Amino acid sequence: MIFQVNDMRKGRGELISRVVSRWMALAGEGKVHKDILPHLHVQLDWVQYKSNFREAAMVRKSIRNGGPSPLVEIAIDLRQVDDETLGRALETAAAEAAPGGNAPPRVVLEEFGPMRSSIIWAFNKLYWQHRTEWEEITGAGYEKALPSGSSDGHNIQAIQDQVVEFYDLLVDMDAKGQLSDEIYLMEIGVGSGERALLWLDSFLKLDREKGAGYYPKLRYLLCDYSMVALEHALERLGPHREVAVPREVDAMDPFRALSELRYKVLYIHLTNVYDNLPTDDAVLRDGRIYLIEIRSYLNADDVEDLCQTYGFRTDTFAETVRELLDVGPRVLDDPKQGMRFWMALWSKLQLEERMVTVDSLSEASLPSGLKPSHLEELVTSGPGTVRFQLSSGAVGSFASTIPLLHPRGYLQVMDIFVTELTQYRGGFKGPGKMDGSVVNWVNGALLAEVGKQAGYDVHFKPFTYREGSRTSILYTTHRER
Amino acid sequence: MSVPILPTAVVGSYSMPSWLERLKTEYSFRKIGKSDIDEVHDTAVKAAIKDQERAGLDIVTDGEMRRDNMIDYFAERLPGVEIDTRSKQFYYDFYDSVVRGKLPIAPMGLIDDFKFLKANTDRETKFCVTGPHSLVKRIKNEYYPGEEELALDIARVMNVELKELVRAGAGCIQVDEPYYSGFPQDLPWSVKALNALVDGVDARIVLHICYGNRYGKPSWAGNYRYLFPTILDANVHQLTLEFAWRGGEDLDLFKQFPNDFEVGVGAIDVKNDSIETPDLVAERIRNALNFIPAERVVVLPDCGCHNLSQPVAFGKLRAMVEGAAIVRTSLGA
């Protein structure tokens with residue numbers, strides 16, 4: 001049995017020792033099955049997000065070629081540890097981890113599958129489709145759900161600095177006769193349009209000061225998968241509408257919608273998009289790679305409560321959830337009541353996980369945009385035992401975005417990045433719940449690997465415009481080595 | 001062996017397998033030895049030749065499997081060029097190479113590589129070298145007064161090697177000069193250096209100019225207008241240019257500036273993984289024939305296939321061969 005502490009911050013020692021002591025006591029009492037002990041890993045995590053999909057103690061079994069495999073993990077979220085319930089939570093997990101052991105009664109909403117294919121992403125999409133209604137019910141805009149209460153993407157000083165940097169590029173290209181009549185730049189995930197507005201205001205002001213007359217040549221592509229969001233953003237832009245071009249674009253695959261702009265876009269910006277795209281998780285243990293499969297569920301008691309409160313039948317609850325995902329809050333005659341049901345359901349939604357042994361990366365079902373060589377490089381140079389995100393959506397988006405870049409263009413992404421694989425050993429980086437959406441840290445180390453093999457060096461710098469911000473800025477430069 | 005009208009060829013490189021990339025990087029760190037990597041290269045070259053033959057190309061190269069990139073293969077071989085640090089993080093990275101004194105004339109060792117190619121195919125062959133202009137953009141100059149002087153001296157040294165290549169049986173030599181597009185202002189002295197390079201070299205000389213293909217993306221933007229009329233002074237038989245991903249707009253330049261060049265028409269987009277249909281290739285070739293007589297057209301990809309995976313590269317070359325065949329048939333050839 002191995003204990004792995006994934007939370008190395010000061011002041012955790014006592015909490016960790018309480019959990020370990022309690023677990024050892026259970027083992028001493030014979031409540032941990034002896035057959036699992038040689039292959040048991042107890043993971044002590046601090047889950048980054050207070051609101052998440054995990055029980056205080058969860059069991060991860062492993063499979064290989066469809067059958068059981070010896071490795072078992074019990075993952076404890078130290079953040080949820082409560083002295084009163086700790087003993088029961090550990091005992092329940094131990095019983096489940098035993099050969100033939102079962103989880104407590106649950107209503108399962110889907111079969112096991114890759115995380116990127118889970119219905120949690122349907123919930124995520126539903127949230128962005130009905131964000132306005134969600135905000136009406138909660139009385140708070142979605143930005144209020146962010147840890148800082150506002151988006152770092154709207155920081156005016158940061159925007160002004162970014163505009164100056166871009167302007168310098170234009171001046172240099174102009175001096176070399178490289179500037180074309182149309183200057184393409186784009187923002188993927190436009191939110192309310194606030195950032196585009198601030199950016200264009202700053203650019204126009206600078207252009208007037210410098211007198212180069214670049215502003216009318218701008219083609220600011222507002223890209224979002226939601227036409228409603230695009231319309232709102234366009235309205236917000238007011239007089240800048242003349243230089244704005246709304247485009248319906250799936251952030252997971254921008255090139256598909258914008259292929260005519262290949263090698264033409266000089267500046268691409270995204271804020272808080274990658275952290276909201278589907279991901280997969282992988283685990284490195286004892287020299288083996290496992291891919292995490294998940295299925296979502298609710299505890300049977302929670303289903304009972306929800307059904308009683310909202311008038312649903314427990315035996316058809318899974319179908320009710322699917323109906324909610326299809327039609328949204330109008331699943332109930334009173335949409336406000338439907339919203340409350342959705343919120344309550346979301347807060348109770350949990351994920352069960354299992355680890356699938358990968359014998360050969362070349363045969364693994366990796367997310368699009370990810371090649372075995374990307375992972376091999378990372379795994380070879382990374383820590384021996386770690387769980388990390390494959391950031392499937394972000395990698396796919398990144399790989400599908402960079403072909404749009406002009407030979408002198410660059411990509412800039414503001415998000416929460418893990419920049420080295422070792423950082424995963426300091427905390428469990430997702431998935432978490434943010435209002436109705438899913439949030440994950442983004443594996444920047446993997447993006448750097450993907451970038452390197454596409455001819456870009458990927459750099460990260462901390463967002464220094466707000467104290468305490470966890471945002472980093474990813475930017476690309478052409479790999480000149 | 002003669003080639004048909006609208007002959008087909010690769011520009012130079014063939015798909016670089018990821019296993020070979022890894023081995024090259026390991027060799028850079030001296031994790032594997034010289035004799036092993038030489039053997040690996042021989043095997044890879046044979047496989048690249050075989051794939052080109054299977055795809056039906058009329059003219060084949062060694063796939064440039066021995067080359068880390070278009071600069072270092074020559075920087076390592078050019079007498080007088082020094083490389084202070086031999087290990088690199090990734091084989092594809094460039095060495096920091098430097099010239100600290102006058103370049104002496106000495107064999108570069110290209111002959112053996114050419115002979116290996118020749119010994120492993122019955123098809124027409126092409127051997128590619130990086131031109132002096134592109135080399136001076138990556139080799140640091142600490143001796144000559146300027147880039148032009150260094151380029152002319154590189155041309156002087158390489159000219160001897162090219163003549164040796166011809167003696168060894170090379171009938172077609174291609175000079176790669178992608179950096180022309182990044183530094184159009186250098187064109188007058190670049191062409192001078194090119195002419196010095198090929199002076200007295202009794203072979204069919206091809207000049208390849210693209211907008212860069214490092215990591216499968218362009219390094220520069222623009223159009224080929226900058227080449228004319230200066231390029232008309234280049235003592236070459238063939239210009240090979242990229243027209244697939246950039247479109248055929250620049251083809252009109254060959255009407256605007258009358259010339260006798262053969263034109264290697266880039267008809268395959270090597271910066272994109274989707275495999276063209278033969279009909280699309282045929283359409284691109286026909287478009288070129290509106291500006292250049294068929295007798296002077298050679299059909300190629302835009303640039304090297306280095307960054308494409310093997311199945312994609314092979315599929316594209318196969319489509320190119322079939323597309324050329326469609327046009328040949330319609331010409332009654």
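A: Leaving aside neighbours within four places in sequence, Ser51(A) is in contact with Gly432(A) and Lys433(A), where contact requires the C-beta atoms, placed from the backbone, to lie within 7 Å. The model is predicted, so local features need pLDDT of at least 70 and side-chain atom pairs count only at pLDDT 80 or more, while totals for chains, interfaces and linings use all residues. Residues are numbered from 1 along each chain as its sequence is written, and chains are lettered from A and ligands numbered from 1 in the order in which they are written.

Ser51(A) sits in the loop between strand S2 (40–45) and strand S3 (57–64) of chain A. Helices (H or I, at least four residues) and strands (E, at least two) are DSSP runs numbered from the N terminus. Because Ser51(A) has 13 C-beta neighbours inside 10 Å, it counts as partly exposed; the cut-offs are 20 or more other C-beta atoms within 10 Å for buried, 12 or fewer for exposed, and partly exposed in between. Tyr475(A) is 424 residues from Ser51(A) along the chain, and their C-alpha atoms are separated by 30 Å.

Two strands pair if DSSP finds at least two bridges between them. S3(A) is joined to strand S4 (residues 67–77) of chain A by eight bridges, and the two run antiparallel. Ile63(A) has Pro68(A) in S4(A) as its bridge partner. Two residues lie between S3(A) and S4(A) in this hairpin, and Asn65(A) in the turn has a positive phi of about 50 degrees. S3(A) also runs parallel to strand S13 (residues 350–358) of chain A, with four bridges; here Ser62(A) stands opposite Met355(A).

Elsewhere in chain A, strand S10 (residues 265–271) is mostly covered, with seven of its seven residues buried. Strand S7 (residues 183–188) of chain A runs parallel to S10(A) and is joined to it by five bridges. S10(A) also pairs with strand S15 (residues 405–415) of chain A, in the parallel sense, over six bridges. Leu270(A) takes part in both pairings: Ile188(A) stands opposite Leu270(A), and Leu270(A) stands opposite Val413(A) in S15(A).

Chain B has an open sheet of six strands in the order S5-S7-S8-S9-S10-S11, with parallel pairing. Strand S5 (127–130) and strand S11 (297–301) are its edge strands, each pairing on one side only. From one strand to the next the twist averages 25 degrees; axes are lines fitted to C-alpha atoms, for helices over the stretch in contact, and angles run from 0 to 180 degrees between N-to-C directions. Within the sheet, four bridges join S9(B) (residues 238–241) to S10(B) (residues 262–268), with Gln238(B) partnered by Glu262(B).

Helix H2 (residues 34–55) and helix H11 (residues 310–330) of chain B have axes that come within 8 Å and cross at roughly 35 degrees. The crossing is right-handed, that is, the near helix is turned clockwise from the far one by less than a right angle, anticlockwise being left-handed. Asp51(B), Gln52(B) and Ala55(B) of H2(B) meet Phe314(B), Leu317(B), Arg318(B) and Val321(B) of H11(B). These divide into four nonpolar, one polar and two charged residues, with Ala, Val, Leu, Ile, Met, Phe, Trp, Tyr, Cys and Pro counted as nonpolar, Asp, Glu, Lys and Arg as charged, and the others, Gly among them, as polar.

How values were computed
Contact = placed C-beta atoms within 7 Å.
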